[in-house]
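This report describes a two-chain model in running text, with one table. Please have the sequence and the structure open while reading.

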Amino acid sequence: MKTILVTVLVAVLVITLAQVEASQLLNGAGATFPYPLYSAWAYDYNKVTGVQLNYQSIGSGGGVKQITARTVHFGASDDPMKPEDQAKAKLLQFPAVIGGVVPVANLENVKPGQLRLDADTLCKIFLGDIKKWSDPRITKANAGIKLPDGEITVVYRSDGSGTTAIFTNYLAETCPSWKEKVGAGKAVKFPVGIGGKGNEGVANYIKRKANSIGYVEFAYAKQNKLDYAQLKNKAGNFVEPGFASFEDAAETGDFDAKKGFYLWLTNAPGKQSWPIAGATFILLAQEKTDVNKKTVKFFDWAFKNGDNKAKELVYVPLPKSLKDKVRAYWKANGMQQ
Amino acid sequence: MAITLKRKNPVDLIFSSITGLASLSVILFIIGIMYVLVSESSLAIERFGILKFLSSTEWNPVKEDFGALTNIYGTVLTTVLSLLFAIPVAVGIAIFVTEIAPNFLKGPIGVAIELLAAIPSIIYGMWGLFTLSPIMSNYIEPVLKKFTANIPLINILFQGTPMGIDILTASVILSIMIIPFTASIARDSFNLTPAVVKESAYAIGATQWEVVKNVVLPYSKLGVFGGSVLSLGRALGETMAVAFVLGNNHRITTSLLDAAATITVTLANEFAEADNDVYLSSLFYLALVLFVMSFITLAIAKFFLLRAERKYSR
């Protein structure tokens with residue numbers, strides 16, 4: 001009899017605890033790109049507030065599907081969702097952190113950051129129009145360095161990814177023939193080149209193949225010290241990829257709260273802007289105000305306290321002006337007092 | 001008489017119905033999978049039809065135009081090549097283990113083969129990307145290219161720059177993966193050869209080579225064939241080992257040094273980020289094609305294995 005009583009008591013206790021736990025739990029799912037950062041933020045946030053955040057990195061497409069089906073508290077996506085799609089699925093959207101894509105090459109005697117490319121040249125290389133590094137269209141902007149006469153090998157991502165989406169959106173925006181022949185998306189039909197799986201696959205190819213060029217996420221290029229190139233931005237300046245140039249892009253990019261911040265952050269107009277950047281977004285269900293308040297509280301905390309952690313993990317925090325816009329958006333939608 | 005007695009026993013009745021249900025669930029699972037594949041791919045079936053989907057080489061997510069031929073081509077080519085590499089080695093292993101090896105070696109070799117089968121395929125994939133692929137591109141492929149450069153027709157197979165991420169590397173990895181299956185089935189078939197027949201052959205003065213060639217192999221060729229088709233089924237469906245070293249290139253190439261795509265590799269690479277309905281549906285359609293292909297190969301394998309058993313187990 002005694003043992004039964006104890007068992008029942010323990011069971012009741014466990015169930016009550018679990019309920020407390022459930023109210024302190026936030027479930028999110030989506031993009032793989034910001035996963036390391038969200039989990040680092042979640043770890044620190046849990047220490048401060050006791051709220052637990054579970055984030056499943058199942059891919060942007062899955063994140064959109066799950067929040068549309070309302071099976072998670074928030075979704076995350078590297079793809080900005082169009083205002084009309086947001087309205088259709090009754091979703092709210094705001095950017096959480098900035099990332100970017102960097103062209104990297106393997107050229108003998110060329111140091112990181114020495115190679116200079118503009119949008120048109122990059123596009124022609126990826127279209128297969130420019131076949132050799134000694135092509136005058138490349139050498140014109142690279143008078144100071146000696147480029148090899150070898151044939152160019154293009155390397156692209158073979159798996160569907162937000163990195164490819166940002167990169168192809170940039171090419172489609174700046175280069176009409178790319179838009180017409182290839183288009184933009186997470187997976188596109190590249191006219192030339194070979195495909196590597198993931199950032200590591202692309203980097204591995206480029207390291208092994210002389211005279212190759214490809215594109216990887218900024219964080220990956222930085223951590224692995226790949227030979228990145230300078231790009232000419234919309235303002236006409238050659239810029240290096242780095243925190244400053246990404247922040248400049250985010251600051252000058254035309255994020256509009258009315259459109260739910262829908263924007264491909266490519267070809268930003270700032271003087272020092274890196275042209276191939278992109279925000280990664282959080283999606284919330286319009287009607288779930290109570291849950292959204294909790295989610296927003298987390299991101300508000302992260303905006304205040306998480307910048308250093310973000311930089312440590314090579315993510316670019318939102319600039320102050322954009323954070324203020326996002327906070328105003330939260331208030332306007334009743335998710336923050 | 002024994003059966004009717006069993007039926008009267010309630011425990012036996014429960015026992016037999018539970019086992020029956022367990023077996024029935026397998027069939028239900030297969031029907032369920034088939035149903036999901038067909039219903040999820042119905043959008044793509046409607047849009048592209050069957051013949052057009054199977055014969056189109058287009059794979060363009062941006063323009064939402066999909067066809068399976070490049071994927072089927074890659075799947076069939078890597079599978080056939082890997083069988084070409086694997087079967088001679090596997091049959092050699094089986095002959096050595098059953099006929100030639102001294103007893104103290106049989107155990108260790110058998111265990112080693114089974115261990116090869118126990119390695120998860122993702123490990124083959126990583127090993128392929130970081131170890132095998134540099135070896136292929138630096139040493140093996142340039143040599144192949146050099147030797148075949150002046151042979152007409154064959155040199156077409158080795159055109160292009162050796163990158164190590166190509167059909168050849170993928171086939172080599174696949175062949176290593178399927179050797180254990182082929183070898184163990186071949187070994188079992190060889191063991192079916194009646195000892196009396198072999199001993200008679202030795203008694204009339206046949207050499208070891210002659211016994212294997214004229215007695216063991218003819219006796220077990222159907223079994224070996226069936227085993228090979230079973231490995232073929234496995235090679236058809238293999239994903240992770242190939243995904244890292246094949247490149248996911250939706251083009252039909254004649255050179256073995258080019259990247260390609262198989263059905264499973266396309267699914268693994270593109271499923272997570274397939275964001276529009278036609279795209280997703282086409283991926284399901286591809287899976288359905290693979291399901292049917294696997295089904296047919298397994299049916300062929302079963303047919304031959306059954307025939308082999310009927311012929312020799314008497």
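How close do the axes of helix α8 (residues 167–191) and helix α10 (residues 208–237) of chain B come, and at what angle do they cross? They come within 8 Å and cross at roughly 150°. The axes are lines fitted to C-alpha atoms, for helices over the stretch in contact, and angles run from 0 to 180 degrees between N-to-C directions.

The model is a predicted one, in which local features need pLDDT of at least 70 and side-chain atom pairs count only at pLDDT 80 or more, while totals for chains, interfaces and linings use all residues. Residues are numbered from 1 along each chain as its sequence is written, and chains are lettered from A and ligands numbered from 1 in the order in which they are written.

## The two chains

Helices (H or I, at least four residues) and strands (E, at least two) are DSSP runs, numbered from the N terminus.

| Chain | C-alpha span | Elements |
|---|---|---|
| Chain A | about 90 × 45 × 35 Å | 14 helices and eleven strands |
| Chain B | about 65 × 65 × 30 Å | 13 helices and two strands |

A residue is buried if 20 or more other C-beta atoms lie within 10 Å of its own, exposed if 12 or fewer, and partly exposed in between, with C-beta atoms placed from the backbone. Of the 337 residues in chain A, 49% are buried; of the 314 residues in chain B, 39% are buried. Two residues are in contact if their C-beta atoms, placed from the backbone, lie within 7 Å. Among contacts with a separation of 6 or more, residues 24 or more positions apart account for 72% in chain A and for 77% in chain B.

## Helix packing in chain B

The crossing of roughly 150° between α8(B) and α10(B) makes these helices roughly antiparallel. Angles under 35 degrees count as roughly parallel, over 145 as roughly antiparallel, 65 to 115 as roughly perpendicular and the rest as oblique. α8(B) passes α10(B) in a right-handed crossing. A crossing is right-handed if the near helix is turned clockwise from the far one by less than a right angle, and left-handed if anticlockwise. Residues of α8(B) in this contact include B:L174, B:I178, B:F181 and B:F190, and those of α10(B) include B:V216, B:G223, B:G227 and B:R234. By class, the residues of this contact are ten nonpolar, seven polar and one charged. Ala, Val, Leu, Ile, Met, Phe, Trp, Tyr, Cys and Pro count as nonpolar, Asp, Glu, Lys and Arg as charged, and the others, Gly among them, as polar.

Helix α5 (residues 69–100) of chain B also meets α10(B): their axes come within 9 Å and cross at roughly 140°. That angle makes α5(B) oblique to α10(B), and the crossing is right-handed. Among the residues that α5(B) brings to the contact are B:T75, B:L83, B:I87 and B:E99, while α10(B) brings residues including B:Q208, B:V212, B:V216 and B:L236. This contact divides into twelve nonpolar, six polar and one charged residue.

## Contact between the chains

Chain B contributes 23 residues to the contact with chain A, and chain A contributes 24 residues. On the side of chain B, the elements giving two or more residues are β1 (59–60), α7 (121–148), α11 (240–246) and α12 (263–270). The largest share, three residues, comes from α7(B). This side has twelve nonpolar, seven polar and four charged residues.

## A sheet and single residues in chain A

Three strands of chain A form an open sheet of mixed pairing, in the order β5-β9-β10. Because β5 (116–117) and β10 (238–239) each have a single partner strand, they stand at the edges, and one side of each is left without a neighbour in the sheet. Two strands pair if DSSP finds at least two bridges between them. β5(A) pairs with β9 (residues 230–232) in the parallel sense over two bridges, and A:L117 has A:L231 as its bridge partner in β9(A).

A:N109 lies in the loop between β4 (91–106) and β5 of chain A. Although not a glycine, A:N109 has a positive phi of about 65°; A:N109 is exposed, with 9 other C-beta atoms within 10 Å. A:V314, in the loop between α13 (307–312) and α14 (320–332) of chain A, has a positive phi of about 60° and is not a glycine either. A:V314 is partly exposed, with 17 other C-beta atoms within 10 Å.
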